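Please read them with the structure open beside you.

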Amino acid sequence: MSTRPSDLYYVEGSVVRKRETAVPRRREEPQRVPKRRSKTYKKAARKAENSKGFDLRYTLLLSVMFIVMIVSCVIMLTVQGAVETKERNIESLQEELQSLQVDNAAYENSLNNMYSLEDIYDIATGELGMVYSRNGQIRYYDSEQGDYVKQYGDVPKSSY
């Protein structure tokens, strides 16, 4: 059997004496009412009366602010949805542009590879009757006005 400190003070039986302690009671003093009420006391009393609960103005202001908050949230969600829709549209258009650019590059390569220089020479000389220029057929003309020359008539004989 163990001898715990709680075992030493255990009392068997149904009646155990309780220790009585005297608790001093406070005497209640009557509440003091100021004899003379000053202006600051009246203002403080009015302020305390007004701050006790929700008045009509505060409730209306709170309601208006709540409605403004709800409306702004709805507007924000609507705008965000429109932005997401436009972003998806932009992405699809970019994908379409990329596919068109790839197709265009493929068509350009096929056009570039369609005719070789030999095919062009054969068509020019055979079908169109073109010939290479001979010595003395090429004449150079100096223009004082710009990079190119528009020929409205024969080139003057004095320049060559």
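1. Please keep in mind here, and in every point below, that the model is a predicted one.

2. E87 sits in helix α3, which covers residues 56–112, and together with E84, E91 and E95 it makes up a patch of negative charge on the surface.

3. One of its members, K43, belongs to helix α2, the element that runs over residues 39–50.

4. Is K43 buried or exposed? K43 counts as exposed because its relative accessibility is 56%, and the cut-off for that class is over 50%.

5. Turning to the whole protein, the secondary structure consists of four helices and zero strands, so that, under the DSSP-based assignment of helices and strands, the order along the sequence reads α-α-α-α.

6. On burial, I would draw your attention to the total for the chain, in which 1% of the 160 residues of the protein count as buried. The accessible surface of the protein amounts to about 17,600 Å², and carbon and sulfur atoms account for 55% of that surface.

Note on methods:
Residues numbered from 1 in each chain as written. Predicted model: local features only at pLDDT ≥ 70, side-chain atom pairs only at ≥ 80, totals over all residues. Heavy atoms only, no water. Helix = DSSP H or I, 4+ residues; strand = E, 2+ residues; numbered from the N terminus. Buried < 20%, exposed > 50% of the residue type's maximum accessible area, 1.4 Å probe, protein only. Patch = residues over 30% accessible without salt bridge, like charges linked within 9 Å, V, L, I, M, F, W, Y side chains within 5 Å. Areas by Shrake-Rupley, 256 points an atom, 1.4 Å probe, with all protein chains shown as cover. Salt bridge = Lys/Arg side-chain N within 4 Å of Asp/Glu carboxyl O. Lys, Arg positive; Asp, Glu negative; His and termini not counted. Charge placed at Lys NZ, Arg CZ, Asp CG, Glu CD.
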